[in-house]
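I opened this model to look up how its parts pack together. My notes follow the order in which I checked things.

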Amino acid sequence: MHRASATISTTLTPMSRRNFLIWMQNANNRKLIRNAAAAIWARKYSSAALNEQFVNGTSAAYVEEIYNSWLRDPQSVHTSWDAYFRTNQYSGPPNLAPMGRNTMPLSAFMGAGGGAPDEKTIDDHLAVQAIIRSYQSRGHLAADLDPLGIKTRETTVSKDGLQRRANEDVLRQHTSFFFGENDMERKFKLPSTTFIGGEESSLPLKDILSRLENVYCNKIGVEFMFINSLDQCNWIRKRFETPGVMTFSPEQKRLILARLTRATGFEAFLAKKYSSEKRFGLEGCEMMIVALKEIIDVSTDLGVESVIMGMPHRGRLNTLANVCRKPLEQIFNQFAGLEAADDGSGDVKYHLGTYIERLNRVTNKNIRLAVVANPSHLEAVDPVVQGKTRAEQFYRGDQEGKKVMSILLHGDAAFCGQGVVYETMHLSDLPDYTTHGTIHVVANNQVGFTTDPRFSRSSPYCTDVARVVNAPIFHVNADDPEAVMHVCKVAAEWRATFHKDVVIDLVCYRRNGHNEIDEPMFTQPLMYQKIRKMKNCLDLYADKLIAEGTVTGDEVKSVAAKYEKICEEAFEGAKKETHIKYKDWLDSPWSGFFEGKDPLLVCQTGVKEETLVHIGTRFSQPPPNAAEFVIHRGLLRILAARKAMVDEKQVDWALGEAMAFGTLLKEGIHVRLSGQDVERGTFSHRHHVLHHQLVDKATYNSLQHLYPDQAPYSVSNSSLSEYAVLGFEHGYSMTNPNALVLWEGQFGDFANTAQCIIDQFISSGQAKWVRQSGLVMLLPHGMEGMGPEHSSGRVERFLQMSSDDPDYFPPESDEFAIRQLHDINWIVANCTTPANLFHILRRQIALPFRKPLILMTPKSLLRHPEARSSFCDMVEGTEFQRIIPDNGPAGENPDCVKKVVFCSGKVYYDLTKARAERELENEVAIVRLEQISPFPFDLIKEQGNIYKNAELIWAQEEHKNQGPWPYVQQRFLTAFNHGKDISQSDEHASSTTSTTTNTNANTDSDTDSESESDTKSKPWLSRMFSSSSKSSSTNNQEATGEFNAAKHFDLKNMRHDFNRPADTKTASDARKSQTGRKIRYAGRPCGASTATGSKAQHNRELNALLNDALSI
């Protein structure tokens, strides 16, 4: 009895205990409880709670269940229950558990006699619940979203005579359940899945319909019912359905008006001052600026400290001015056409980014805002922003994304049309790529450049791509500022609560054409007839606030005049500037990285031998003290082979790469390797992550456990995407210069689908946006008879985009190599030894600046017995070798060499094997070009001097119109004919050719010829603007040693020969007569495909290459 009393006291509230005791005093109920024990065995299932010898919290539920069973089938219960229920004296006990929200006892809807509800009552309540769900699921289809009113939908007239927007598209078969006019006043119980009642659990039908209309079919359309989580769906319902949730105070309304005034005023000011300039203004969607500021305000209040934004060109200048608070003078200077004060090509003003730290005046908290620069490829910046955001979260230790967030802005046509959006979306929940929620804002102009939506997408909305990741989508009429503000507040709270993506679809219009000088009436005449009659959003909202008495007309004019005065003052200040500075638009500053560094000093890349031994040993071992960690037997053999190499002080490709990573980790450098299957490696050579063979998700990464105080190592298998993942890693590399970030293609040609990131960001990012990146691209490359697709990494494309001049030999000095690296836009290499791989990876961090590295990596060489290096090539005092000369008999006795074969990559091993088989080691020298770009002019010249009388050959495995040949051909000529002539025959040819530059000219030659020679030796840009007088040029040469005619040869002086008609002189004759020293190609002929699909054909082509290259 004590147990029963204690249970009732602890489980029931005082009021519930009182009701329960009253119920117990009824004699019929006491009899009912006594009969309960006898009926237990009649049940078809058992309950442990029923074995208790006292009444507990489950007894009422049990009796109710027995009663329901009896209603269905009287014979299913014990005869005593049947007799009792037939007396009609039973009434349900009060529920012992607390009643849930929007719940009422069933008896409230029964007749006075306590019987079961009639069938119509049940059907009516089910119909109301179905209508509520229809509004929640499809109400957005009837929402008033289009400010132009072009998209009109049929409405429905209900039985009370009111016209409602919810039509058959929304209600489907439930339109017939609008009952009669009398039913509109009838109350219905609200289900637990709606919040329209507030504190009320039931509402009249007319109120239910009106509230649902106002929530789901007004200026906001909410798509969320596809989300799998009930908690998330209820969270959204509560934010939109709760009565009064969209009430704004007068202060809030004035703030909206002020911000909207600034956004509108900025566009009007630019239109007035620069009427003929393209600026891709935001007219028609000015609310986007106010929306962004609201998102940032709410997010900042919730703990966010840094916001990284990516956006297309439309509205970028307004965002920079009014969201980031970029100084207006710097923006106006971009219209002035001023010269730049720093290096680079620059970019158009509506592509530029920025980085700002400022005080958020609403929340009184500091905030960092970055807008990432973006090319005209509208959505290309999406993964870059995500990578930059992820990196900043990582380095801040922000594992949940509470401090750093990303906002991505889109155009409607691009959001649904460009595949990188889908690829980026699918990174959102991947453990190594998630940014813990991104807020997407779509400026939905309802038109592309000139293409209507009905011709640009197949989906109902431009935002449907977001449904694949369960991101809620909030459509909103951009001409309703308060609706926009509410949606933005909910979106920011959603991101902070669930750390998942969310989409805001700002349905607006574009007042001008694609740009300000474009005529939209050519293609959208009816739309633009409406647009030209439209009041702008500011006027509409100002009229509304004036009508309701929140502001006066004079206050509206005063706010506008105040901002125009600010713009005018900035405009006058901008006139005083004489130059623009690209660095003012840098989106990723590296504070303190460049300060105090010698820009021409490269740190040592060799390390101590004991460090190599330690890293190699740890990399070759299974998990320490984990005997139960079951490793695949094949991996045990690989680990044993690694240990044997370490004992022999040798490394293969995988071990050399691991030692480069390990030594950097030891030095505190974070290493991140990303790409498809990189943990194991495409060719099963890396195996950085060991998997337990019996336990799922149990892994071990030895490079993460080398030293107790090492930097973190991240190796991440990516989704099957190149475009988005490469962009992500590029963004990651922009954040921290003291990190080695690598992306590996599964095969080299997989970079094809990421070409936009390569062209627009990696190759040209520094020139356009003064943005450096040390990103490494690893591209498996080699013609090995595996077919066209998995052969070439397309090295020719990267070399074509290299910015070094093929005709200009830079001034020779001790800093020749580092100066080349400093001036080039990126580095392209094809290493043949693990030691060189080790050094070039470490050199990425050792450089006092950052350059992208494009590295062709091997496939068959990964296990080639000759492709190994000794520890002595990696210890202190060693460095990366730009070329590897012949160290065999040919190199020891160069005068006997008849042919020098220059090559790069795997073909070197084919050539050395064939040379040995033909016993030509004394007559043929093979020189490896490891760093292709920037081209090592000085070392190639040195090799030409060593082998003065030998024939010069370039051999490659790629086709003649592919591979390095188109790049190296002209540079070889420049290198070989630099300085004094290399052979006597060359000297004779040079002296007998009138158009040849005489690099052995006597220093006493006349002034005119010397001046001409000086000028010709300069780069073309310097020659174009150089003075014809000798004095300043000569003095400069004497002081700096640059552009000296006696030391530098410029091949551009014979460009006219190359362009002569064929009947006068061929290009090859011109080269021979002009330079004397030439280089010949040996290899495959030109081809459309990268390689043959036939193994036999591949072998025939390789043999022909070897015969051509090695024939004496």
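Helices (H or I, at least four residues) and strands (E, at least two) are DSSP runs, numbered from the N terminus. This is a predicted model, so I noted the limits: local features need pLDDT of at least 70, side-chain atom pairs count only at pLDDT 80 or more, and totals for chains, interfaces and linings use all residues. Residues are numbered from 1 along each chain as its sequence is written, and side-chain values use heavy atoms, with hydrogens and water left out.

**Entry 1: helix 25**

I began with helix 25, residues 723-733, and found 11 of its 11 residues buried. They are Tyr723, Ala724, Val725, Leu726, Gly727, Phe728, Glu729, His730, Gly731, Tyr732 and Ser733. What do they pack against? Counting contact as heavy atoms within 4.5 Å, I listed helix 14 (381-396), helix 16 (419-425), helix 26 (755-763), strand 16 (670-675), strand 20 (739-744) and strand 21 (776-780).

The rule here asks for NZ of Lys or CZ of Arg within 6 Å of the ring centre and within 35 degrees of the ring normal.

**Entry 2: the whole chain**

I then took the totals. The chain has 41 helices and 30 strands. Of its 1112 residues, 55% count as buried. Among contacts between residues at least 6 apart in sequence, 79% join residues at least 24 apart.

**Entry 3: aromatic pairs**

I used this rule: rings of Phe, Tyr and Trp (its six-membered ring) pair if their centres lie within 6.5 Å; planes under 30 degrees apart are stacked, over 60 edge-to-face, and the rest tilted. The count comes to 34 aromatic pairs.

One of them joins phenylalanine 269 and phenylalanine 332, a tilted pair at 5.4 Å centre to centre with 35° between the planes. Phenylalanine 269 lies in helix 10 (residues 250-273) and phenylalanine 332 in helix 13 (residues 328-333), so the pair ties together parts 63 residues apart in sequence. Phenylalanine 269 is buried at 3% relative accessible area, and phenylalanine 332 is buried at 1%.

Phenylalanine 332 also pairs with phenylalanine 571, edge-to-face, at 6.2 Å centre to centre and 70° between the planes. Phenylalanine 571 is in helix 21 (residues 553-574), so this pair ties helix 13 to a part 239 residues away in sequence. Phenylalanine 571 is buried, at 14%. The charged end of lysine 273 sits over the ring of phenylalanine 571, 4.6 Å from its centre.

I also noted one aromatic cluster made of Phe809, Phe816, Phe902, Phe935, Phe937, Trp954, Phe972 and Phe976.

Leucine 270 is in helix 10. Is leucine 270 buried or exposed? It counts as buried, at 0% relative accessibility. Beyond neighbours within four places in sequence, leucine 270 contacts Ser275, Arg279, Leu317, Phe332 and Phe335.

Leucine 338 sits in the loop between helix 13 and strand 7 (339-340). At 25% relative accessibility, leucine 338 is partly exposed. Its C-alpha is 6.1 Å from that of isoleucine 580, which is 242 residues apart from it along the chain.

**Entry 4: cores**

A nonpolar core is a set of buried Ala, Val, Leu, Ile, Met, Phe, Trp, Tyr and Cys residues joined through side-chain atoms within 4.5 Å. The largest has 182 residues, and those with the most contacts inside it are Met288, Phe332 and Met777. A second, separate core of 53 residues includes Met645, Leu665, Leu706 and Ala829.

**Entry 5: serine 869**

Last, I checked serine 869 in strand 24 (residues 869-870). Serine 869 is buried, at 4% relative accessibility. Its side chain reaches the backbone nitrogen of alanine 835 at 3.0 Å.

Note on methods: Buried < 20%, exposed > 50% of the residue type's maximum accessible area, 1.4 Å probe, protein only. Polar contact = N/O pair within 3.5 Å; in protein donor to acceptor, adjacent residues only side chain to side chain.
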